[in-house]
Structure formats: C-alpha cells, structure tokens
Amino acid sequence: DKVNVRRGDVVRKGQVLAQLDARAEAASADLARYKSEQVGPTRMAESKIEFARKKYGRRKDMAAEKLVSPQDRDDAEAELRLAEAELVVAKDNKQIARYEYQQQSALLALRTIRSPFDGVVADQLAYPGEVIELGGTKKTILKVAQLDPLRVHVILPKEAFGRISIGSTVDISTEMKGKNRYV
C-alpha cells in the first residue's frame, strides 16, 4: 500500500518503513471491537433472570398454598436456571469477543513494517501496488543495513594481498548522504 522510505534514507528502530494494504484486517478488527463492546446480550440475560426470579417466587408461594401444581413451580425454577445460564453464556461470549479483538488487532499490526534497528535503507525491492503474500513465497520489500556495528565485506584487488591482515585499520567510504567515511 505505502512505502515511507527510499534507498539511502536513515531510519530509526521502530520507525514505520512500509504499510501493507490492511483494509480487510482493519474491518475485522473493527467488527471484533464492536462485538467486544456489546452490552445487549448481557442486559437481556439479566432482565430474563429478574423476570424468572419473580415468577419463580410467586409460583413457589402459590405451590406452598396448593394453588398451583408442583410442576408449575418446577417449570418456573427451570426457567430461572436457564436465564442464569444465558447470562453466563453472554459473559463468556463477551470475553471471547475481547480475545478475538486482541487477535485481530495483532494481525492488523502485522501489516505495518517497522525497522528492527537503527540503520539505512540499502535497497527497495517492492513498490506500492505490487502483491506481497504473507507466509507465501517471501518477497523482500526493503533491505535495511545496520551501521552500528558496521560489517563490511569487500573484494580487494590482488595488489592488496599481503598488505592487509586481521587487526589492520582501513578507511571505508560509502555513497551514503551525511557521514560517508568510516575507520
């Protein structure tokens, strides 16, 4: 979707380098957030409990005076237990929705590519509009070089053979903007 840096740019650890198209992940995260904030199912279950509790209390009193059958009292008690179970299910579903929101938010965050360290963009291999498949055949978007410590692989002319050894000090020049000489 977007590449925020170009070849030669200095980057800091955590800086956003590129953003993959995240419309589907953003929509999933929004849906999961909405589900995690719903209060209707919990309120409905609480109302059912209140009604069932009153109904059971009346039927229990009426059964004690032999105005209704014990079966009616048992039915009212069963309705109360079912309403209480519905409240537990509603609370469980809300917790599941919270976890789904965390999961979807984490998946959305994976669509933002950040620099793992301070360094410089060495190369850009993909551009906005190109297809990048996560988990598929990996295609590199950017190459970022770490400068501290700077590791250099050089190919020297044969004339340098024998003049440079482990521990030798050499000058290395780069084409990078700003600091371009290292010892």
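Two strands pair if DSSP finds at least two bridges between them. Strands (E, at least two residues) and helices (H or I, at least four) are DSSP runs, numbered from the N terminus. In this predicted model, V121 has V144 in strand 6 as its bridge partner. The chain holds 3 helices and 8 strands.

**Basis of the values**
- The model is predicted, so local features need pLDDT of at least 70 and side-chain atom pairs count only at pLDDT 80 or more, while totals for chains, interfaces and linings use all residues.
- Residues are numbered from 1 along each chain as its sequence is written, and side-chain values use heavy atoms, with hydrogens and water left out.

**Overall form**
- Along the sequence, the elements follow the pattern β-β-β-α-α-α-β-β-β-β-β.
- The C-alpha trace spans about 115 × 40 × 30 Å along its principal axes.
- The accessible surface comes to about 13700 Å². Carbon and sulfur atoms hold 53% of that surface. Areas come from the Shrake-Rupley method with a 1.4 Å probe, and for residues only the protein chains shown count as cover.
- Of the 183 residues, 21% count as buried. Buried means under 20% relative accessible area, exposed over 50%, and partly exposed in between (1.4 Å probe, protein chains only).
- Contact means heavy atoms within 4.5 Å. Among contacts with a separation of 6 or more, 66% link residues 24 or more positions apart.

**Sheet 1-3-4**
- Three strands form an open, antiparallel sheet in the order 1-3-4.
- Strand 1 and strand 4 stand at the edges with a single partner strand each, so one side of each has no neighbour in the sheet.
- Strand 1 (residues 2-3) joins strand 3 (residues 16-19) through 2 bridges. K2 has Q19 as its bridge partner, and V3 stands opposite A18.
- Strand 3 also pairs with strand 4 (residues 112-114), over 3 bridges. Here V16 stands opposite R114.

**Sheet 2-5-6**
- Another open sheet of 3 strands has the order 2-5-6, again with antiparallel pairing.
- Its edges are strand 2 and strand 6, each with a single partner strand, so one side of each is left without a neighbour in the sheet.
- Strand 2 (residues 10-11) meets strand 5 (residues 119-124) over 2 bridges. V10 is partnered by V120, and V11 by G119.
- Strand 5 pairs with strand 6 (residues 142-146) over 5 bridges.

**Helices**
- The expected span of a helix is 1.5 Å times one less than its number of residues.
- Buried residues of helix 2 are T42, A45, I49, A52, K55, Y56 and A63. Their cover includes helix 3 (70-109).
- Just after helix 2, K66 takes a positive phi of about 65 degrees.
- Helix 3 has 40 residues and reaches 59 Å from first to last C-alpha, close to the expected 58 Å.
- Helix 3 buries A76, L80, A83, L87, A90, K94, A97 and Q104. These buried residues pack against helix 1 (23-37) and helix 2.

**Nonpolar cores**
- A nonpolar core is a set of buried Ala, Val, Leu, Ile, Met, Phe, Trp, Tyr and Cys residues joined through side-chain atoms within 4.5 Å.
- The largest core has 10 residues: V5, V11, L17, A18, L20, V121, A126, I132, I141 and L142.
- A second, separate core of 8 residues includes A45, A52, L80 and A83.
- Beyond its neighbours within four places in sequence, A18 is in contact with K2, V3, N4, R111, T112, I113 and I141.
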